[in-house]
Amino acid sequence: MDLGQHAEPRSSGAARSIVRNIATIAFVFVLAWALRTFVFQPYKIPSGSMESTVMTGDFLVSEKVSYYFRDPEQGDIVTFYDPAFSGDVRTLLKRVIATEGQTVDLVDGVVYVDGKPLSELYTGGKPSYPLENSSISFPYTVPEGSLWVMGDNRTNSQDSRWFGAVSKERVTGRAVVIFWPVSDIGSLA
């Protein structure tokens, strides 16, 4: 090729174009799968157990990255697989009230953790009583590797008062933001 001459462009055949498009589509699917598996997961809230913090029908994002570096902490709103089912049949949303080794007690509608009453403005003043027909007795010490979780809507929530402590291994993420409907958009962290 002489100086100043341009190389002839390669003809991009139909086969090359199809392969490129298939590769792009495969990459997008793998990226979407990786993000949902390791980074974040969207959820639609099916029940009123967290009202008025999160309303029935709200859509939120639960992020997974922070729990690679730390354990869930008291006050975190977590998503987790329902302990009433084996596997990942149903995901629930609740607030962490106590962590492993802490003792939870319910006295006259007030939650105590390690003998100290919790200030729970997010409950809207609703009392926290043991649930009827539950096998959980108080005071309750949270086992190693587990969390005590409760819904903010204490009078309408089946939570650790019903199914006991939740294994940290069942936690799928930390709820961080409501993204729909527009009127409810906001941070949960």
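**Notebook: rings, strands and pockets**

I began with the rings and found that Phe138, Tyr140 and Trp148 form one aromatic cluster. The model is predicted: local features need pLDDT of at least 70, side-chain atom pairs count only at pLDDT 80 or more, and totals for chains, interfaces and linings use all residues. Residues are numbered from 1 along each chain as its sequence is written, and side-chain values use heavy atoms, with hydrogens and water left out.

**Entry 1: aromatic rings**

I noted the rule for a pair: rings of Phe, Tyr and Trp (its six-membered ring) have centres within 6.5 Å, with planes under 30 degrees apart called stacked, over 60 edge-to-face and the rest tilted. By this rule I count 5 aromatic pairs. One of them joins Trp33 and Phe38, edge-to-face, at 5.7 Å centre to centre and 90° between the planes.

I then looked up exposure, where buried means under 20% relative accessible area, exposed over 50% and partly exposed in between (1.4 Å probe, protein chains only). Trp33 counts as exposed because its relative accessibility is 51%. Phe38, with a relative accessible area of 42%, is partly exposed.

Phe80 and Phe163 also form an edge-to-face pair, 6.2 Å centre to centre with 65° between the planes. This pair links distant parts of the chain: Phe80 lies in strand β3 (residues 77-81) and Phe163 in helix α3, 83 residues apart. I took helices (H or I, at least four residues) and strands (E, at least two) as DSSP runs, numbered from the N terminus. Is Phe80 buried or exposed? Phe80 has 0% relative accessibility, so it counts as buried.

I also checked for a charge over a ring, which requires NZ of Lys or CZ of Arg within 6 Å of the ring centre and within 35 degrees of the ring normal. The charged end of Arg95 sits over the ring of Tyr122, 3.7 Å from the ring centre.

**Entry 2**

β3 and β4 run antiparallel and are joined by 5 bridges. Across them, Thr79 stands opposite Leu93 in β4. I looked up how covered β4 is: 8 of its 9 residues are buried, so β4 is largely enclosed by the rest of the structure.

Strand β9 (residues 146-150) is joined to β4 by 4 bridges, again antiparallel. Val96 stands opposite Val149 in β9. All of β9 is covered, with 5 of its 5 residues buried. Ser146, Trp148 and Met150 point one way from β9, while Leu147 and Val149 point the other way. β9 also pairs with strand β10 (residues 166-167), antiparallel over 2 bridges. There, Val166 is the bridge partner of Leu147.

**Entry 3: an open sheet and a loop**

I traced an open sheet of 4 strands in the order β7-β6-β5-β8, with antiparallel pairing. Its edge strands, β7 (116-117) and β8 (140-141), each pair on one side only. Strand β6 (residues 110-113) pairs with β7 over 2 bridges, and Tyr112 stands opposite Pro117 in β7.

In the loop between β8 and β9 I found Glu144. Glu144 counts as exposed because its relative accessibility is 75%. From Glu144 to Pro42 I read 102 residues in sequence and 29 Å in space, C-alpha to C-alpha.

**Entry 4: pockets**

Last, I looked for pockets: on a 1 Å grid over the protein atoms alone, with a 1.4 Å probe, a pocket is an open set of points with protein on both sides within 12 Å along at least five of seven lines, and lining residues have an atom within 4 Å of a point.

The largest pocket is lined by 22 residues, and Ser47, Ser49, Arg90, Leu92 and Lys94 lie nearest its centre. Which elements each supply at least two residues of this lining? I found β1 (40-44), β4 (91-99) and α3 (160-163). β4 gives the largest share, 4 residues.

The second largest pocket has residues including Thr37, Lys64, Tyr81 and Gly173 in its lining. α2 (66-69) and β11 (171-180) each supply at least two of its lining residues. β11 gives the most, with 3 residues.

Definitions and conventions
Pairing = 2+ DSSP bridges.
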